[in-house]
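Colleague: I would like to learn how to read a fold and its ligand sites. Please take it one feature at a time.

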Amino acid sequence: MKQGSLSQRKTGFLANFIANPKERRRTNLFFMIMVVVILAGVLFVYLYQQQLLAQDFRQYKGTFKQFGSIAQIGFYAAISIYPVFLLLKNKQIKGIKWGTIELKTILQFVGKLVRTWHVPIALLSTGVVFLHVYMAIMRGFKLDFTYISGIVTVLILLPLMYMGLKRFKRNDRKWHFRLAIMFVIIFFIHANFS
Ligand code: HEM
Ligand code: HEM
C-alpha cells in the first residue's frame, strides 16, 4: 500500500460512518457516556436488587416511569431537528423580523444548536431508556398494551439509530426520517395511552 493512502486512511470507531473528525469524536464520547449510563444502571439495580424487588409495585413503577419521561423529553429534543430545518428551508421566513432581530438569524442559531446536539441527546436518551426498560421487565413481563407497545418502540429505535449513522453519508435512503416518524408516534402512544 502507498504511503500517502496509508496516512489518509480514516481510523477509529465509527470512522466508516462519520467523516468529520470533530463530529466523530463527539459521537464517540457520547456513545461511551451512553454505555456508562447503562452500566451504572445495571450496577445500581444489582446493588439494590433486594430493596427494589421488595418495593410496592406502584412506588417501583413511579421510579422507572421517571426514566421513561426523561428519555421522552430527550427524544423530543432530538426530533426537533426536523421542524427547525424545515423552517430554515422555507423562503417565506426571509424578511420576518422583530425590531432588528431577524427570524432567520434566530433559526440559524437554533439550527446549529440542534444539529450539534442531535446525536448526543439521542444517545443519552437511549442510555436512560435502557434503565426504564430494564427496570420495567425486571419485575416481570406482562402481555399487555403497555409492554408490547414499549417493545415495539425499542424495536424501531435500534434500526433508527443505525440509519442515523448511515445518515451522515446520506446512505440511509430516507429510512432515518421514516423510522423517526414511526418511533415518535409509537412511543407517544406507549407513553400517553397506556
Ligand atoms: C424507547 C422506548 C421507550 C420509551 C421512550 C418509553 C417511555 C415511557 C414513558 C414516557 C412512560 C410514561 C411515564 C409517565 O407516565 O410518567 C412509560 C411508561 C411505561 N413504560 Fe415505557 N418507554 C419505552 C419502552 C418501554 C419498554 C420496552 C417497556 C417494557 C417492556 C416499557 C414499559 C413501560 C411501563 C410498564 C410503563 C408504565 C405504564 C403505566 O403507567 O402503567 N417501556 N414509558
Ligand atoms: C445515534 C442516533 C442518531 C444518529 C447517529 C442520528 C443522525 C442524524 C443525522 C446525521 C441527521 C442529518 C442531519 C443533517 O441533515 O445535517 C439526522 C437527522 C434527523 N434525525 Fe437523527 N440521529 C439519531 C437519532 C435520532 C432519533 C432517536 C430520532 C428521533 C427521535 C432522530 C430523528 C431525526 C430526524 C427527524 C432528522 C431530520 C430528517 C432527516 O434529515 O432525515 N434521529 N439524524
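Colleague: What share of the contacts with a separation of 6 or more comes from residues 24 or more positions apart?

Modeller: First the term: two residues are in contact if their C-beta atoms, placed from the backbone, lie within 7 Å. Here, residues 24 or more positions apart make up 70% of the contacts with a separation of 6 or more. Keep in mind that this is a predicted model, where local features need pLDDT of at least 70, side-chain atom pairs count only at pLDDT 80 or more, and totals for chains, interfaces and linings use all residues. Residues are numbered from 1 along each chain as its sequence is written, while chains are lettered from A and ligands numbered from 1 in the order in which they are written.

Colleague: Which elements does the protein have, and in what order do they run?

Modeller: Helices (H or I, at least four residues) and strands (E, at least two) are DSSP runs, numbered from the N terminus. This protein has eight helices and two strands. Their order from the N terminus is α-α-α-α-α-β-β-α-α-α. The C-alpha trace spans about 55 × 55 × 30 Å along its principal axes.

Colleague: Which residues of α7 are buried?

Modeller: A residue is buried if 20 or more other C-beta atoms lie within 10 Å of its own, exposed if 12 or fewer, and partly exposed in between; C-beta atoms are placed from the backbone. In α7 the buried residues are G150, T153, L157, L160, G164 and R167. Their cover includes α6 and α8. Across the 194 residues of the protein, 19% count as buried.

Colleague: Which residues come nearest to ligand 1?

Modeller: A residue is near a molecule if its C-beta atom, placed from the backbone, lies within 6 Å of it. Ligand 1 has 23 residues around it, and K65, G68, A136, G150 and A191 come nearest. At least two residues of this shell come from each of α4, α6, α7 and α8. For its make-up, Ala, Val, Leu, Ile, Met, Phe, Trp, Tyr, Cys and Pro count as nonpolar, Asp, Glu, Lys and Arg as charged, and the others, Gly among them, as polar. The shell then divides into twelve nonpolar, nine polar and two charged residues.

Colleague: And how many residues surround ligand 2?

Modeller: Ligand 2 is surrounded by 21 residues, with Y82, A122, G164, F177 and A180 the closest. Elements giving two or more residues are α4 (57–79), α5 (81–89), α6 (103–138), α7 (145–167) and α8 (175–192). This shell holds 16 nonpolar, three polar and two charged residues.

Colleague: What should I look for in backbone angles?

Modeller: Most residues other than glycine have a negative phi. L14 has a positive phi of about 70°. L14 sits in the loop between α1 (3–8) and α2. R173 also has a positive phi, near 50°, and lies in the loop between α7 and α8.

Colleague: Is R173 buried or exposed?

Modeller: R173 is exposed, because 11 other C-beta atoms lie within 10 Å. L14 has 15, so L14 is partly exposed.
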